[in-house]
Amino acid sequence: MESESRSSKFVKDYDEMSKKGYEIIKEVIETKEQPVISMTTGGSPRGLFKLFVEDIKNGLDISQTTIMNLDEYMGPKDAPYTVRTFMYENLYNLVEAKPKNIFLIDGEAQDTDKEIARYKAILDQYPRDVQLLGLGTNGHIGANEPGTPFDSTIFLAQHDESTVQSTMREYGIERVDAPTEMITLGFTEILAAEKVILLVSGKHKAEAVKALLEGEITPDCPATALRNCENAIVIIDEEAASLLEK
């Protein structure tokens, strides 16, 4: 079963969600001269990364592609949960071909203001063709937690407890080892991308999807910022869409 509106695509399951999301990224890489892709990490995009790695091994040319990231946890660079670790384990270490540029936020930065300014300069220099996103169970996007104003710009965010718990589950770590802060792109940078792709899969995301698509547009559900956004594509599987009434 597949139906779609201007900005929501409903797909059967996780694999189909991954495939649909990846197809958009692949097309950008194949058609743009200097594509700039900003990735997210965690459970939602793992399948998409697998498809990406497979295609690079089969000859997809990424030599002109710039790859950057949505956010980074504050903590040791090589901790299991960092965005850097995820990117190397799920992409960079698995392929011989390298992108033109790899940009990562430094989660070990002592001076976070300086690091934010450094990354902001990179964002200004490399307008993004695609921004990939996942959806938090509380509706967060990146580390824009509930209550973050819709005009947020790249900042140091404090995690909600539900986000800390989800990081612990995803990476099998104890509360004491879980990061509580993250430098994240704000909505201003996220929505500035030419295409914004939100991947959502699984029953545990159903409440957040209902709030996103059927609730009011409010910073209490940060993802609703995407509803005002002509360039947002939300790809939702059946389980995640299971509470929708419309």
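Visitor: In strand 9, which residue is the bridge partner of Leu156?

Guide: This is a predicted model. Strand 8 covers residues 155-158, and four bridges join strand 8 to strand 9. The two strands run antiparallel. In strand 9, the partner of Leu156 is Ile183.

Visitor: In what sense do strand 2 and strand 11 pair, parallel or antiparallel?

Guide: Strand 2 holds residues 8-11, and strand 11 holds residues 232-237. The pairing runs over four bridges, and its sense is parallel.

Visitor: Are the residues on the faces of strand 2 buried or exposed?

Guide: In a regular strand the side chains alternate between the two faces of the sheet. In strand 2, Ser8 and Phe10 lie on one side. Lys9 and Val11 lie on the other. Both faces are covered, and these four residues are buried.

Visitor: Does Thr41 count as buried or exposed, and at what relative accessibility?

Guide: Thr41 sits in the loop between strand 3 (36-39) and helix 2 (46-57). Beyond its neighbours within four places in sequence, Thr41 is in contact with Asn69, Val83, Phe86 and Met87. The cut-off for buried is under 20% relative accessible area. Thr41 therefore counts as buried, at 18%.

Visitor: How many Å apart in space are Gly136 and Gly43, C-alpha to C-alpha?

Guide: Gly136 belongs to the loop between strand 7 (130-134) and strand 8 (155-158). Gly136 is buried, with a relative accessible area of 7%. In sequence, Gly136 and Gly43 are 93 residues apart. In space, their C-alpha atoms are apart by 11 Å.

Visitor: Which residues does Gly136 touch, not counting residues up to four places away in sequence?

Guide: Contact here needs heavy atoms within 4.5 Å. With residues up to four places away in sequence set aside, Gly136 touches Lys205 and Ala208.

Visitor: What separates the C-alpha atoms of Asn231 and Ile197?

Guide: Asn231 is in the loop between helix 7 (206-214) and strand 11. Not counting residues up to four places away in sequence, Asn231 touches Leu191, Ala193, Glu194, Lys195 and Val196. Asn231 and Ile197 are 34 residues apart along the chain. Their C-alpha separation is 8.6 Å.

Visitor: What radius of gyration does the protein have?

Guide: The protein contains seven helices and eleven strands. Its C-alpha atoms fill a box of roughly 45 × 40 × 35 Å along the principal axes. With 246 residues, a compact globule would have a radius of gyration near 18 Å. The protein agrees with that, at 17 Å.

Visitor: What share of the contacts with a separation of 6 or more comes from residues 24 or more positions apart?

Guide: Of the 246 residues, 55% count as buried. Among contacts with a separation of 6 or more, residues 24 or more positions apart account for 75%.

Visitor: How far apart are the mean positions of the positive and negative charges?

Guide: The protein exposes about 11100 Å², and carbon and sulfur atoms supply 48% of it. There are 26 positive and 43 negative charges. Their mean positions are apart by 3 Å.

Terms used
Residues are numbered from 1 along each chain as its sequence is written. This is a predicted model: local features need pLDDT of at least 70, side-chain atom pairs count only at pLDDT 80 or more; totals for chains, interfaces and linings use all residues. Side-chain values use heavy atoms; hydrogens and water are left out. The radius of gyration is taken over C-alpha atoms; the globule rule is 2.2 Å times the number of residues to the power 0.38. Buried means under 20% relative accessible area, exposed over 50%, partly exposed in between (1.4 Å probe, protein chains only). Accessible areas come from the Shrake-Rupley method with a 1.4 Å probe; for residues, only the protein chains shown count as cover. Lys and Arg count as positive and Asp and Glu as negative; His and the chain ends are not counted. The place of a charge is taken as NZ of Lys, CZ of Arg, CG of Asp or CD of Glu. Two strands pair if DSSP finds at least two bridges between them.
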